[in-house]
Amino acid sequence: MKDKKYIFRKSIIFISILSLLYGCVNLDEDLTGQPTPDKFFSNIADFKGFIAGAYIPLIQLWGSDAPYIATAGGEDVNVNTVPRWKGFEIANVQDVANPEEITDVLWNNSYSSISTCNTTLTLIKNNEKVSSGDLIPINGEAHFLRAFNYFNLVRWFGEVPLLTEDNQSNAVNEEQSGIEEIYNFIVSDLIIAETDLPASQSEVSRPTKWAAKALLSKIYLTMGGYPLNQRANFEKAMSKAEEVITSNVYSLEPDFFNLWLWQNRNTNSEFIFTLYASSNSGTGGYINRAVRPSEEGGWADWTSDVNFLNNFPVGDGNRLKGTFYLNFNDAAGNISWKESNVPQPYVGKLRDGGDKSGGYYGNPVANLADGFYCMLRYSDVLLIYAEAANQVVGNPTSEAYNAVNKVRQRAGLPALSGLSHDNFDQAVLDERNWELAFECNRWFDMCRKHIVSQTIKFLYPGVTITDDNYLLPKPKSQLAIMKGVKQNPGYNN
């Protein structure tokens with residue numbers, strides 16, 4: 001545990017340094033030191049190199065355990081040895097040690113990435129040396145990444161300051177924006193992104209127009225649910241998901257287990273937008289170590305939950321094998337998770353960090369791995385389409401059945417048929433729970449469906465779960481700096 005906390009602190013320091021190097025926002029200082037076109041930006045490579053800085057805080061964020069623990073209110077994640085709890089949003093945060101170790105990273109890293117996007121857009125606007133046509137894809141990339149960051153911030157924290165290229169120099173004085181305003185801004189960014197981004201990229205780490213459309217479909221689906229409840233957005237979600245599906249650019253990988261192997265991270269047919277860590281450049285993550293059993297040199301900071309495993313449909317066993325890690329090696333030989341130091345089923349998807357961490361094939365030899373963190377994949381889009389189409393039509397269409405049944409077929413499960421609107425909606429939601437486990441989807445699905453209390457009350461007997469529990473507390477460090485930020489209901493300043 002000591003090693004892990006040291007890495008966490010080192011990562012935060014590294015990000016602070018990047019804030020100076022890449023113009024990321026420091027919320028208690030002005031931005032007069034930002035780069036300008038006349039200083040450095042004389043060719044397209046300069047702009048590409050600069051926008052690359054927007055990925056670094058994201059990789060550091062998703063390569064840590066912060067977002068996974070922050071969404072541990074879902075049934076899939078069980079927090080173990082860290083001084084936190086299962087159900088971050090459900091506990092009395094004020095009584096738990098160091099809650100801001102999580103919320104600070106979620107907040108600061110997201111805004112660091114946003115700041116680089118904002119500065120990129122300013123540089124493009126003021127550019128006089130590079131062909132404006134050459135900068136169109138970078139303009140789309142900056143809008144995409146900014147939208148991606150705000151989507152996470154608004155789901156974690158609700159109302160937050162909407163910092164753009166026009167106002168980020170006044171960040172400390174900006175008021176927080178309403179949830180609807182933030183979502184509308186996200187949509188406007190992604191509409192630009194789907195126009196400006198190319199259909200394909202030579203670098204798989206950079207988003208395409210299809211990534212923008214896929215993210216838009218997810219945004220619209222979320223806007224159709226709680227707290228906005230704008231049901232007209234279901235049709236938009238269906239339409240954008242259909243554009244991705246009918247493009248024939250993506251398909252389901254035949255072998256679910258192979259999706260999570262480091263060697264396939266750049267070549268599988270399913271990943272739409274993925275973050276790639278690199279230990280050589282200092283952006284490696286440690287999440288693969290955090291989810292390993294201590295018998296293999298990991299920390300077992302968080303695992304899955306035995307109830308989730310018991311309710312997981314076996315099918316042909318391939319999806320179960322790719323999702324969980326149930327047997328592993330220690331000095332005494334192969335043992336079951338039931339015999340481990342932390343007797344909970346372990347996470348399979350996030351184990352393989354490449355050769356630097358041993359991956360699936362050996363004990364970890366480094367704390368920072370060349371991990372990969374898939375943010376959007378094709379099966380998610382299929383399930384978005386199925387859910388949205390059912391909501392739009394009022395009953396499951398043949399196309400909706402086809403979409404969800406493709407996911408089920410790969411898992412070796414029988415096809416769905418003959419369901420009512422409500423039963424189909426529940427079936428798709430269940431399928432999302434199993435298919436997208438440990439990918440930070442379940443908690444947000446529960447929130448937008450407004451079913452947190454009824455779904456997980458069995459985990460918290462005697463605890464009253466209210467709508468206040470849907471959002472995280474905003475970091476006290478930011479409340480002290482940003483004059484317009486107000487704490488979320490249910491938490492002390």
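pLDDT is the predictor's confidence in each residue, from 0 to 100. This is a predicted model, so that score is a handy place to start. Over residues 83–89 the pLDDT stays under 50, and the model gives this stretch 44 contacts beyond four places in sequence. Residues 91–97 also have a pLDDT below 50, with 13 contacts in the model beyond near neighbours in sequence. For the chain, the mean pLDDT is 86, and 85% of the residues reach 70 or more.

**The chain overall**

- The chain has 18 helices and 10 strands.
- Of its 493 residues, 62% are buried.
- Take the contacts between residues at least 6 apart in sequence: 70% of them join residues at least 24 apart.

**Helix H13 and helix H9**

- H9 covers residues 233–246 and H13 covers residues 378–393; their axes come within 8 Å and cross at roughly 140 degrees.
- That angle makes H9 oblique to H13, because the cut-off for roughly antiparallel is over 145 degrees.
- The crossing of H9 past H13 is left-handed.
- On the H9 side, the residues in contact are Phe234, Glu235, Ala237, Met238, Ala241, Glu242, Val244 and Ile245.
- Facing them from H13 are Tyr378, Val381, Leu382, Ile384, Tyr385, Ala388, Ala389, Gln391 and Val392.
- Sorted by class, the residues of this H9 and H13 contact come out as 14 nonpolar, one polar and two charged.

**Helix H13 and helix H8**

- H8 spans residues 209–223, and its axis comes within 10 Å of the H13 axis, with a crossing angle of roughly 40 degrees.
- H8 and H13 are therefore oblique to each other, since only angles under 35 degrees count as roughly parallel.
- H8 passes H13 in a left-handed crossing.
- H8 brings Ala214, Ser217, Lys218 and Leu221 to the contact, while H13 brings Asp380, Val381, Ile384, Glu387 and Ala388.

**Helix H13 and helix H15**

- H15 runs over residues 421–435; the axes of H13 and H15 come within 10 Å and cross at roughly 165 degrees.
- That puts H13 roughly antiparallel to H15, because the angle clears the cut-off of 145 degrees.
- Here, too, the crossing is left-handed, between H13 and H15.
- From H13, the contact uses Ser379, Asp380, Leu383, Ile384, Ala386, Glu387, Asn390 and Gln391.
- From H15, the partners are His421, Phe424, Asp425, Val428, Glu431, Arg432 and Glu435.
- By class, the contact of H13 with H15 holds five nonpolar, four polar and six charged residues.

- For background, most residues other than glycine have a negative phi, and most peptide bonds are trans.
- Tyr226 and Pro227 are joined by a cis peptide bond, with omega at about 5 degrees.
- Pro227 sits in the loop between H8 and H9.
- Phe438 has a positive phi, near 65 degrees, and is not a glycine.
- You'll find Phe438 in the loop between H15 and helix H16 (442–448).
- Phe438 has 2% relative accessibility, so it counts as buried.
- Cys440 is another non-glycine residue with a positive phi, near 60 degrees.
- Cys440 also belongs to the loop between H15 and H16.
- With a relative accessible area of 8%, Cys440 is buried.

- Ser177 is in strand S3 (residues 176–177).
- The relative accessibility of Ser177 is 8%, so Ser177 counts as buried.
- Setting aside neighbours within four places in sequence, Ser177 is in contact with Glu159, Val160, Pro161, Leu162 and Ile182.
- Ser340 is in the loop between strand S8 (333–336) and strand S9 (346–347).
- Ser340 counts as buried because its relative accessibility is 8%.
- With neighbours within four places in sequence left out, the contacts of Ser340 are Glu295, Phe328 and Tyr346.
- Ser340 and Phe328 are 12 residues apart along the chain, and their C-alpha atoms are separated by 9.2 Å.

Notes
Residues are numbered from 1 along each chain as its sequence is written. This is a predicted model: local features need pLDDT of at least 70, side-chain atom pairs count only at pLDDT 80 or more; totals for chains, interfaces and linings use all residues. Side-chain values use heavy atoms; hydrogens and water are left out. Contact means heavy atoms within 4.5 Å. Axes are lines fitted to C-alpha atoms, for helices over the stretch in contact, and angles run from 0 to 180 degrees between N-to-C directions. Helices (H or I, at least four residues) and strands (E, at least two) are DSSP runs, numbered from the N terminus. Angles under 35 degrees count as roughly parallel, over 145 as roughly antiparallel, 65 to 115 as roughly perpendicular and the rest as oblique. A crossing is left-handed if the near helix is turned anticlockwise from the far one by less than a right angle, and right-handed if clockwise. Ala, Val, Leu, Ile, Met, Phe, Trp, Tyr, Cys and Pro count as nonpolar, Asp, Glu, Lys and Arg as charged, and the others, Gly among them, as polar. Buried means under 20% relative accessible area, exposed over 50%, partly exposed in between (1.4 Å probe, protein chains only).
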